Amino acid sequence: MSHFDEAGAAVQAALDAGARYADARVMVCRTESMTARNGAVEDLGSDESAGLGVRALVGSSWGFYAVPDLSEPAARAAGRRAAEIAAASAQVAGPPAELTTSTPVTASWASDCKVDPLTVPLADKGDLLVRATAAAKAAGADQAEASYAIWDTHKWFVSSEGHRVDQHIRECGGGVSAIAIGDGEVQRRSLPGQYGTRGWELIDELDLVGNAPRLAEEARELLTAPLCPAGETTLILGGSQLALQIHESVGHAIELDRILGWEAAFAGTSWLDLTRLGSLRYGSDLMNITIDPTFPGALGSFGFDDEGTPAVKRHAVRDGIWVGVLAGRDSAAVAGLDYAGSVRSDGWSRLPMVRMTNVGLEPGPHTLDEIIAATDDGVFMDVNRSWSIDDRRLNFQFGCEIGYEIKNGRRGRMLRNPTYTGIGPKFWQSMDMLSAETVAWGTPNCGKGQPGQIGHTGHPAAPARFTGVRVGVRG
Amino acid sequence: MSTEIELAAKVVELVRELAGRSAEAEVNVRHQALALTRFANSAIHQNVAEATTGVRLRLHLDGRTATGSTTLTGVDGLRSLVERTVAAARVTPPDPGWAGLTRPAALHISAAHPGSGEHSGLAFGFDEATARATPGERAERVRAFVDAAGGLETAGYCKTEYLSAAFANTAGQAVEGRTAEAAMDGIARNNGADGVARLLASRLSDLDGAALGARAAAKARAAADPIELPPGHYEVVLEPTAVADLLQNFSIFGFNGKSWTQKQSFAELGKEQFDPSVTIVDDPLGSRGEPAPGLPFDDEGTPARSLVLVREGITRAVTHDRTSAAEAGATESTGHASPASRSWGPFPGHLRLEAGPAGGTADGPAAVAGSARPFVARMRRGLLVTDLWYTRVLDPKTLVVTGLTRNGVWLVEDGEITRPVGNLRFTQSYPQALGPGQVLGIGAESVLLPDSWGGARYAAPALHLASWNITGNASG
């Protein structure tokens, strides 16, 4: 069933009420999630949501209104209301608002999906999580947790410029964790939660049950492992941790709305200065960061963003030089850029805004084994435990679940509570070895915006080595 | 009778029709009208509103549990919700942790609670003007904030929210209520130095955009040309905006009944874990002139009530929903169920650190919060911190947290602010920071503050602490 008519009615009503541009999205969303603990299902939820959000530009000011009603009268009322809100915005107006040129398209797009996750029997899904947590518990975990989440989203987008785009995006993912509790100590080991625009085949590939005993054993071993030493050393990061490093210290920094100050009060700004786009050294020559919503199966993949801009791959960092940003049509126009394509919202009731798509690190020439073999003295860390970065996206401190000592080209003792800290560009400039073993990691919980929105982002990443990094920060 | 309670009753009837009388069901209906006017570069750049009714059903059938929700509230949408939730409950694995339904119980009354509802018995204090605020009224406050900043660049938001809710279950509990709130949160920027002012209120009319803008601007002006300080342990005065972060982390990771049951929390009931001057209360209904906007019942229909978590330094309680209460062997839920509480654990959403006794001078620079001024005046050498940012737990058991300062830090020497300081990274155990002998003073005035992300609210005074572990500064 198409909802172009309702979206079109909302757009027309906004234009009739004085808007010079308007767009509307109808979204019908189904989600399903389940958690299990210690061999029993803990929570099972199945949610359905449908509504329309309309955005209107009156003069130089925007307004947005959303309703959970897909009737045409409700859509028209929403369009009028969006225009009214835009008019109120003019009480504290900014400079003239323009949009970059966008060729109107009529198109459909659907993400690839081998096994529709919503059709997999609930009993089978529950059995999988129950078995995974039971296996972790049997192997010594004090607490064992497993979960999956499924998002099934249909969108219909119409703009006053003539866009008519519908998309069907299916995403899913999950993971399993084992927790060991000692004397004043809690340690967790997880299969890194993995998410993508894929079907249930992704969950099957994770082998939750097969991995659970190992995780439990590692969590117990961590309780008595030596603490990660404090000091400056060579750091090797696993791909899953590097994905979060990219997300926090590159992905957010290259968001154009942050660079322009539009997120200053809440999410913060960026250390990047547009006058240095094309010349600023972000990292070493090995650093090639792409913005690629076409990456197959990654969590930030789509056919068109929420302004109707087609998905296109472009570089954000090429050979270590900063060359691109994540942009929307209005922010790109302000910055004098000729591209957009990175605007999304987390549902029909939220305003589309600049969001990471798949921001990833292109692979290097090595393997993780080669990187370890080439390291005389250092630390390997993987799987994120804590993450914190300043409001300009410079100073970060990350904690990982697990670390290993690297001595004379070999992996040595397990290390407890590993952390590392640094400054973004200095850290990326110290990257001297990069693996070819890329995995597109998914981050399903990226918070941004007010009212808050949860974004889904993808981060292709492979293990890499960094020199002169401060590790072992403790309270 | 509200539309929401009628909807809830309709879903209960549908459950009986489609799943039989043995089914246990809980229905939550929430109508939320949220409007938020956002400004940046001293202009309104995002201005949004929505009005949504959502229905959430939790069903326990033949020993199995499933939850469903929908925003489709017509006849077909509700029937579909019940049918798919029943179908899910029939095939999901057994739920040995089901703790049963809340029995019929009346709501607790508090004169400080701004909620109401024709049949809730809570018809006091609700502000219709806030519930029906216009984008023009929000824009007026933004205009005042921007103007009061005197030419400094500003950014932030003004929001109003109206919530009308009902709960019904198959055991006969049926309650309803409504609430309204408003919040303003903004910064002023001065050559890279930011100053902040934020406030939550149950009435939009209590938000003075000009006063908030002037405070943010005073902070930004006083924060220009910061110096950098070396890592180390510093005596600190935390303003209420920073103290709210401590309360947030105590809430989610410390007083969370599930974390506590699983021995992942620092909390040990009956033990003196805090300084004797510390009393922390969860006050969903408000008290002592500190209204706490929110609903008078939780997602399991349990009436909300005041709960003392820490009294005079001794940890007294953690928060429970029905599941965690049963697991802990507690007698009853404390009224902290939420849609996520079964998996994430129930945590308090209205924490208040009890204000200290009045004392000392309240005079001082406009850049310093009133309740912090007496502490600044008596500090020999230390830091005045406005705000904490991006705090994350490194170790849940000891609640060691890392994060950064934001929106203004100053070096204080011999009772005077001597220099602004660049942002600092800290790595600090929060319970240890408030441990016995570590609290040098608690401000005499609590400020009601919005959560930066979730729906929680915090009432916080300033805090004077003996030591805070600075592990670096933002420039490296």
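In this predicted model, the charged end of Arg411(A) is placed over the ring of Tyr404(A), at 4.0 Å from the ring centre. Another such arrangement involves Lys125(A), which lies over the face of Trp200(A), 5.7 Å from the centre of that ring.

Contacts between rings come next. Over all chains, a search of the whole structure finds 22 aromatic pairs. In the pair formed by Trp389(B) and Tyr390(B), the ring centres are 5.7 Å apart and the planes meet at 85°; the angle exceeds the 60 degrees required, so the pair is edge-to-face. Both Trp389(B) and Tyr390(B) are buried. Elsewhere in chain B, ring pairs join Phe250(B), Phe255(B), Phe266(B), Phe274(B), Phe426(B), Tyr430(B) and Trp468(B) into a cluster.

The largest nonpolar core comprises 59 residues, and Ile254(A), Tyr282(A), Tyr420(A) and Trp428(A) have the most contacts inside it. Helix α6 of chain A, residues 239-251, gives the most to this core, with 5 residues. A second, separate core of 55 residues includes Leu191(A), Ala212(A) and Ala216(A) together with Ala23(B).

Chain A as a whole contains 10 helices and 23 strands. Its radius of gyration is 23 Å, close to the 23 Å given by the globule rule for 475 residues, so chain A is as compact as a globular protein of that length. The C-alpha trace of chain A spans about 70 × 55 × 35 Å along its principal axes. Of the 475 residues in chain A, 67% are buried. Among contacts in chain A with a separation of 6 or more, 74% join residues 24 or more positions apart. The accessible surface of chain A is about 15,400 Å², with 49% belonging to carbon and sulfur atoms.

Technical notes. Residues are numbered from 1 along each chain as its sequence is written. Chains are lettered from A and ligands numbered from 1 in the order in which they are written. This is a predicted model: local features need pLDDT of at least 70, side-chain atom pairs count only at pLDDT 80 or more; totals for chains, interfaces and linings use all residues. Side-chain values use heavy atoms; hydrogens and water are left out. Rings of Phe, Tyr and Trp (its six-membered ring) pair if their centres lie within 6.5 Å; planes under 30 degrees apart count as stacked, over 60 as edge-to-face and the rest as tilted. Buried means under 20% relative accessible area, exposed over 50%, partly exposed in between (1.4 Å probe, protein chains only). A charge sits over a ring if NZ of Lys or CZ of Arg is within 6 Å of the ring centre and within 35 degrees of the ring normal. A nonpolar core is a set of buried Ala, Val, Leu, Ile, Met, Phe, Trp, Tyr and Cys residues joined through side-chain atoms within 4.5 Å. Helices (H or I, at least four residues) and strands (E, at least two) are DSSP runs, numbered from the N terminus. The radius of gyration is taken over C-alpha atoms; the globule rule is 2.2 Å times the number of residues to the power 0.38. Contact means heavy atoms within 4.5 Å. Accessible areas come from the Shrake-Rupley method with a 1.4 Å probe; for residues, only the protein chains shown count as cover.
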